[in-house]
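Here are some notes for a first look at this one. Have the sequence and the model open side by side as you read.

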Amino acid sequence: MEFDSACEIIRRTRKIEGWFWPAAAHLFALLDEIQKSVGIEGNIFEIGAYHGKSAVLLCAMLRGNAESLGVCDRFGCSSDRNVAGFRPQFDRTMRNHSSAGSCLRVLQKDSADLTPEETTTNCRFFHIDGGHGGREVYDDLVVASKAVGPNGLVVLDDFHNSAWPGVAEGFFRFMHERPGEFVPLAVGFNKGVLTRPSAHGLYRRFLNDPARCWAAIPRGPFSVKTIEFCGVDTVLFHTPSHRSPDLRRSILSIVHQHRPRFADALGRVLRYHRSRTA
Ligand SMILES: C[S@@+](CC[C@H](N)C(=O)[O-])C[C@H]1O[C@@H](n2cnc3c(N)ncnc32)[C@H](O)[C@@H]1O
């Protein structure tokens with residue numbers, strides 16, 4: 001997806017309730033752009049849609065009618081307690097902000113019960129943002145392993161987020177019990193990106209170029225580095241620690257977490273001030 005289209009969707013969906021940060025949306029657009037530039041085709045699937053904030057962007061990544069978007073969510077419904085849940089909000093979001101039409105398949109159920117027929121088995125992009133417990137994340141990765149095609153990607157939410165340790169638990173258990181299914185490719189913006197071992201080199205070629213990452217993710221982190229993680233080179237979009245001895249960086253990184261636009265502007269002012277006083 002082109003940079004301008006991603007900006008437009010981020011702007012339009014700003015008021016939709018959800019947890020999809022602008023920088024993560026730009027990361028999705030960058031990965032989509034890479035897939036399209038090398039001709040990787042396939043469907044898109046999301047576990048955990050909530051009100052549809054991330055689903056709108058995923059929908060815009062589709063290649064017309066040739067690909068479909070599947071989403072799975074329990075939508076907070078409970079038949080035994082007669083709770084209606086938030087499916088109406090999701091439907092409204094998709095009606096107002098996307099043109100998915102028949103390309104959208106909504107599965108209102110527990111993600112652990114998804115079948116390969118429902119997810120399809122040739123997904124190029126699979127977003128896991130459902131239950132954040134160790135068992136749920138493990139189960140969702142198993143579902144993804146049956147759904148993702150040979151060059152596809154899995155994006156795992158709240159990767160290494162200390163507020164959700166179950167995500168790391170589920171990820172490492174999966175890596176331990178099912179070696180060779182996926183390897184890490186990139187980590188950043190609260191997301192972990194995985195791919196098939198055979199496709200790792202293909203994506204790395206593009207992500208090796210920090211300038212390309214910077215251009216695609218404008219409100220991005222302050223550095224991009226490559227580290228060995230689970231035995232493979234992994235790109236890390238790195239925001240410095242809050243406890244950095246550099247006060248300016250500490251303030252910027254805290255502000256960046258909550259108000260990316262404001263942090264950008266503040267960074268420009270500080271850089272300008274430094275250049276004038278140097
Ligand atoms: C963090 S929210 C998703 C946020 C959304 N992707 C966004 O960007 O705003 C998590 C969603 O996962 C759903 N969920 C949690 N556990 C689930 C499960 N086991 N099966 C299906 N959906 C689940 C919840 O109903 C909730 O809507």
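1. A word on terms before we start: two strands pair if DSSP finds at least two bridges between them. Helices (H or I, at least four residues) and strands (E, at least two) are DSSP runs, numbered from the N terminus. Please keep in mind that this is a predicted model, where local features need pLDDT of at least 70 and side-chain atom pairs count only at pLDDT 80 or more, while totals for chains, interfaces and linings use all residues. Residues are numbered from 1 along each chain as its sequence is written, and side-chain values use heavy atoms, with hydrogens and water left out.

2. Start with the overall layout. The chain splits into domain 1 (3–239) and domain 2 (245–278), with bounds that come from an automatic or database domain assignment. Taken over C-alpha atoms, the centres of domain 1 and domain 2 are 30 Å apart.

3. Next, the sheet. It is open, has 9 strands with mixed pairing, and its order reads β3-β2-β1-β4-β5-β7-β6-β9-β8. At the edges you'll find β3 (104–107) and β8 (223–229), each with a single partner strand, so one side of each has no neighbour in the sheet. From one strand to the next the twist averages 15° (axes are lines fitted to C-alpha atoms, for helices over the stretch in contact, and angles run from 0 to 180 degrees between N-to-C directions).

4. Strand β4 (residues 123–128) pairs with β5 in the parallel sense over 5 bridges, and Phe-126 has Val-154 as its bridge partner in β5. To get from β4 to β5 the chain passes through helix α6 (residues 134–147), a right-handed β-α-β crossover. Right-handed here means that, with the strands pointing away from the viewer, the path from the first strand over the helix to the second runs clockwise.

5. What about β7 (residues 191–195)? This strand runs antiparallel to β5, joined by 5 bridges, and Val-193 in β7 is the bridge partner of Val-155. A salt bridge also links Lys-191 and Asp-157, with the closest N and O atoms 2.6 Å apart. Lys-191 sits in β7 and Asp-157 in β5, so the pair ties together parts that are 34 residues apart in sequence. Lys-191 counts as buried at 2% relative accessibility, and so does Asp-157 at 5%.

6. Salt bridges elsewhere deserve a look too: the whole structure has 13, each being a side-chain nitrogen of Lys or Arg within 4 Å of a carboxyl oxygen of Asp or Glu. Arg-63 meets Glu-67 at 2.6 Å, N to O; Arg-63 is partly exposed at 23%, whereas Glu-67 is buried at 3%. In helix α7 (residues 165–177), Glu-177 and Arg-173 are 4 residues apart, about one turn of the helix, and their closest N and O atoms are 3.1 Å apart. Glu-177 is partly exposed at 44%. Shared partners join Asp-32, Lys-36, Arg-63, Glu-67 and Arg-124 into one salt-bridge network.

7. Last, helix α8 (residues 200–207). Its buried residues include His-200, Tyr-203, Arg-204, Phe-206 and Leu-207. Seen down the axis of α8, the buried residues fall within an arc of 160°, so they line one face of the helix; the arc is that of the directions from the helix axis to the C-beta atoms.

Definitions and conventions:
Buried means under 20% relative accessible area, exposed over 50%, partly exposed in between (1.4 Å probe, protein chains only).
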